[in-house]
Amino acid sequence: MFLIYTISGIVLGSVYALTAVGYSIVYGVLELVNFAHGTIFMVGAYLMYILCTLLGVPLLPGAVIAVALTGAVGILYERIALRPLRLRNLPKFCFLICTIGISIVLENILFVTMGSEARLYPTLREGTYYSVLGVNLSFVQLLIMLVAVVLMAALVIFLKKSPLGMAMRATAQNRTATELMGISVDAIVSITFFLGSALAAVSGIFYCMAFRSVSTGIGAQITQKTFASTVLGGIGEIGGAVIGGLILGLTESYTSGYIGSEYRDVAAFIVLIAVLLIRPS
């Protein structure tokens, strides 16, 4: 049973880690606590549901289109709502309040158009299981872990080796110096929001595939978990976001298995509070 709970925790933690990495990228460039990120997670999941279930698009093309559209939503809300604040050099708390407002708007758009009830979510190879170390894992669970590893490795290589990734890191270090070097900070910020939103969409799609349902309530729930994962691992640090997500996923899984599922959220946030009290740095 310990092995089952461990693997389940790694699967759940992989989803949290992917979402937290997207959150950390935005924070690293803009030092912005983005409370709309969890709602973007939900938007990505719903876009795939609309494309595949309501419009009949095949799953793989539907997922790719949903991720791209969610990235576009990230660019759109940054340009409409956040860029005017940045150009006026307003305090950071104004951005934070604005992202809360964006989250409320997006949630209510989905609530009005899709309703509040949970909907059955499409998945891949339903009923296909593989035995790993004596534990039966579904195709989607294995895919989540594989995609999480591949995407996070690709992101690290992109940020460290590519000219665009170096421009993003330069913007995070010193925005003024980056502009003096001829790099468009506005373009870098747009790309950052696209990447962060796209990663949130991938996480949302896999999360809903694993649990076979989607509802408007998952946005607020994942916002809390993403923020906790990011703070736990060190806000703005990609590696820390991954570790924080895995710790949170394993804590929830062990708590559900050995104590009770009703205590899983309590245990996860007790771990977060303990880290903040003992090692706040």
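These legends go with several close-up views of a predicted model. Residues are numbered from 1 along each chain as its sequence is written, and side-chain values use heavy atoms, with hydrogens and water left out. Because the model is predicted, local features need pLDDT of at least 70 and side-chain atom pairs count only at pLDDT 80 or more, while totals for chains, interfaces and linings use all residues.

**View 1. Helices H9 and H11 side by side.**
Here H9 (residues 218–233) packs on H11 (residues 264–278) at an angle of about 30 degrees, with the axes 10 Å apart. Helices and strands are DSSP runs numbered from the N terminus (H or I of at least four residues for helices, E of at least two for strands). The axes are lines fitted to C-alpha atoms, for helices over the stretch in contact, and angles run from 0 to 180 degrees between N-to-C directions. H9 passes H11 in a left-handed crossing (left-handed if the near helix is turned anticlockwise from the far one by less than a right angle, right-handed if clockwise). On the H9 side look for Gln224, Lys225, Ala228, Val231 and Leu232, which meet Asp265, Phe269, Val271, Leu272, Val275 and Leu276 of H11; contact means heavy atoms within 4.5 Å. Sorted by class, the residues of this contact are eight nonpolar, one polar and two charged (Ala, Val, Leu, Ile, Met, Phe, Trp, Tyr, Cys and Pro count as nonpolar, Asp, Glu, Lys and Arg as charged, and the others, Gly among them, as polar).

**View 2. H1 across H9.**
This is another packing partner of H9: H1 (residues 2–30) meets H9 at about 75 degrees, with the axes 9 Å apart. That angle makes H1 and H9 roughly perpendicular to each other. From H1 come Tyr16, Thr19, Ala20, Tyr23 and Ser24, and from H9 come Ile222, Lys225, Thr226, Phe227, Ser229 and Thr230. The contact of H1 with H9 splits into five nonpolar, five polar and one charged. Two of these residues turn up again in a ring cluster, where ring pairs link Tyr23, Phe35 and Phe227.

**View 3. H3 against H8.**
H3 (residues 59–87) and H8 (residues 185–211) pack at about 135 degrees, with their axes 7 Å apart. The pair therefore counts as oblique, and the crossing is right-handed. The contact of H3 with H8 has 16 nonpolar, five polar and five charged residues.

A pair of aromatic rings is described by the distance of the centres and the angle of the planes. Rings of Phe, Tyr and Trp (its six-membered ring) pair if their centres lie within 6.5 Å, with planes under 30 degrees apart called stacked, over 60 edge-to-face and the rest tilted. By this rule the count comes to eight aromatic pairs. In one of them, the rings of phenylalanine 41 and tyrosine 207 sit with centres 5.6 Å apart and planes at 65 degrees, so the pair is edge-to-face. Phenylalanine 41 is in H2 (residues 37–54) and tyrosine 207 in H8, so this pair ties together parts that are 166 residues apart in sequence. Both phenylalanine 41 and tyrosine 207 are buried (buried is under 20% relative accessible area, exposed over 50%, partly exposed in between; 1.4 Å probe, protein chains only). Tyrosine 77 and phenylalanine 193 are edge-to-face too, at 5.6 Å centre to centre and 90 degrees between the planes. Tyrosine 77 lies in H3 and phenylalanine 193 in H8, so the pair ties together parts that are 116 residues apart in sequence.

**View 4. Isoleucine 205 and threonine 192, both in H8.**
Isoleucine 205 is buried, with a relative accessible area of 4%. Not counting residues up to four places away in sequence, isoleucine 205 touches Gly44, Ala45, Met48, Ala63, Ala66, Val67 and Tyr121. Threonine 192 is buried as well, at 1% relative accessibility. With neighbours within four places in sequence set aside, the contacts of threonine 192 are Ile25, Val26, Val29 and Met168.

**View 5. Positive phi in two loops.**
Most residues other than glycine have a negative phi. Asparagine 89, in the loop between H3 and H4 (92–114), has a positive phi near 55 degrees. At 69% relative accessibility, asparagine 89 counts as exposed. Arginine 212 sits in the loop between H8 and strand S4 (213–214), with a positive phi near 60 degrees.

Methods: Angles under 35 degrees count as roughly parallel, over 145 as roughly antiparallel, 65 to 115 as roughly perpendicular and the rest as oblique.
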